[in-house]
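Please keep the sequence and the model open beside this note. The points below go through a few places to look at in turn.

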Amino acid sequence: MIKKVALGIAVIVTSVFARAELTIEITQGSDNPTSIAIVPFKSPVGLPEDVAAIVSADLQRSGQFDPIPRKNMLALPQSASEVFYRDWRALGGEYLVIGGIENVGGNYQVWYELYDVLNQRQIDRDRATASPKDLRGLAHFVSDKVYEKITGIRGAFSTKIAYVEVQRDKSNPKNATYRLVRADADGAREQSILESKHPLLSPRWSPDGKKIAYVSFETSRPAVFIQDIFSGQRQQMTNFQGLNGAPSWSPDGKQLAFVLSKDGNPEIYTMDIATKRYSRITNHFAIDTEPSWSGDGKSIIFTSNRGGQPQIYQVTLASGRVERLTFYGDYNARSSLSPDGKTMVMVHREDGVFHIAAQNVETGDMRILTETHLDESPSIAPNGAMLLYATQHNGKGILAAVSLDAGVKFRLPSQEGDVREPAWSPFLQ
């Protein structure tokens, strides 16, 4: 479905509009990854996707696993009776996955079995059904289950990412098309949510994963919009004079926090989405911006230069008490908390270079996660294992990912245009 929005401007909303996908380049993995074999799944002839290959790529991308290449496999078992542990021990394998795909009533059903090679036992098995269009979804389901069983951490391969792609007119670089895009967590199955001739910024997923809030410059001033991902319906939430930006959803999905400068100075506000009633949260002569909610919804962390340089602060909503959280470096901004609330990630400047950093909320200890220049816009996966961020590579804007222990890194460059402003979705089921 494609429809023009009645605003007298060039904006297109589309629920399904495929374009070039992101690709994955793994640049750094774990020092001691777990060896695992993903045997090709038994399946009907002519399937459009290789499910076992997708599972293997998912697990390898996590950095925690080192899949055994198919060409090295001594056997291709398709049932428990065909599993001989000595074959996999000889290859150094620690775990083995076998499975199959069946046509059930016009849909596809995937089954898998996970084996502990060293202890010679089956440790997990499951199955799931999806439409023929969602074979990749079935593969990500298997990846999530295997990852969680072995690591104890819920897999996030079935989640989505959103980002902004910018394509510039080669004959006139000042002319650009901005696309708000969603894709699988591995960059596949890209779909355009919105296209505009005007800048798009700060996409943020609703807690239920059904809507995205973002900033658009399509009106006479920047404005915050909420858009339903599947229907394409969108609603303008702000239309104040001056700055309207940096939306952030409350954990219950009933409120937005954002920045307004309608009274002359950028301050943090919250708005009840149903009634559009808003409340001013900060009141200071400095610039307060980039709000992000705590997991319990009782406080908001934000960026402010009230101390002379941009640093991260926290305001308790009930009392209005403000506390400074960062003290290392001369610039800390764009902060967000991990799902467990124990880690805060941010853009950190050290020696004039912008990096992504993580700070232990309890101790205040900070760890530099990235080493490239111009890193920005960190967004944490819902399982807290990885984060996405925007950076530059070969003079082009790309997305990259790093684990919160900095041991795993990969890049997701786009085949078309620059990509920026990443946002990782919540768990979707």
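What volume does the largest cavity have? The points below start with that.

1. The model is predicted: local features need pLDDT of at least 70, side-chain atom pairs count only at pLDDT 80 or more, and totals for chains, interfaces and linings use all residues. Residues are numbered from 1 along each chain as its sequence is written, and side-chain values use heavy atoms, with hydrogens and water left out.

2. The largest cavity has a volume of about 150 Å³. A cavity is a set of points, on a 1 Å grid over the protein atoms alone, where a 1.4 Å probe fits but cannot get out. Grid points are joined across faces, edges and corners, and the volume is the space filled by probe spheres set on the points. The count is 1 cavity of 30 Å³ or more.

3. Which residues line the largest cavity? Among them are R61, S62, Y147, F157, N383, M386 and W424; a lining residue has an atom within 4 Å of a point. By class, this lining has 9 nonpolar, 2 polar and 1 charged residues. Here Ala, Val, Leu, Ile, Met, Phe, Trp, Tyr, Cys and Pro count as nonpolar, Asp, Glu, Lys and Arg as charged, and the others, Gly among them, as polar.

4. Buried means under 20% relative accessible area, exposed over 50%, and partly exposed in between, with a 1.4 Å probe and protein chains only. Strands are DSSP runs (E, at least two residues) numbered from the N terminus.

5. Which strands pair with β6? Strand β4 (residues 34-38) pairs with β6 in the parallel sense over 3 bridges, and A37 stands opposite L96. Strand β7 (residues 107-116) runs antiparallel to β6, joined by 10 bridges; there the partner of L96 is Y115. Two strands pair if DSSP finds at least two bridges between them. β6 and β7 form a hairpin with 2 residues between them, and G105 in the turn has a positive phi of about 60°.

6. A further sheet is open and has 4 strands in the order β12-β13-β14-β15, with antiparallel pairing. Its edge strands are β12 (200-205) and β15 (234-236), each of which pairs on one side only. Neighbouring strands in this sheet are turned by 20° against each other on average, direction ignored; the axes are lines fitted to C-alpha atoms, and angles run from 0 to 180 degrees between N-to-C directions. Strand β14 (residues 223-228) is joined to β15 by 3 bridges, and I226 has Q235 as its bridge partner in β15.

7. S202 has a positive phi of about 55°; S202 lies in strand β12 and is buried, with a relative accessible area of 11%. R189 also has a positive phi of about 55°. R189 is found in the loop between β10 (172-184) and β11 (191-196), and at 26% relative accessibility R189 counts as partly exposed.

8. Is S261 buried or exposed? At 16% relative accessibility, S261 counts as buried. S261 is in the loop between β17 (255-260) and β18 (267-272). The side chain of S261 reaches the backbone nitrogen of L243 at 2.6 Å.

Technical notes:
On a 1 Å grid over the protein atoms alone, a cavity is a set of points where a 1.4 Å probe fits but cannot get out, and a pocket is an open set with protein on both sides within 12 Å along at least five of seven lines; lining residues have an atom within 4 Å of a point. A polar contact is a pair of N or O atoms within 3.5 Å; within protein, one must be able to donate a hydrogen and the other to accept it, and residues adjacent in sequence count only if both atoms are side-chain atoms.
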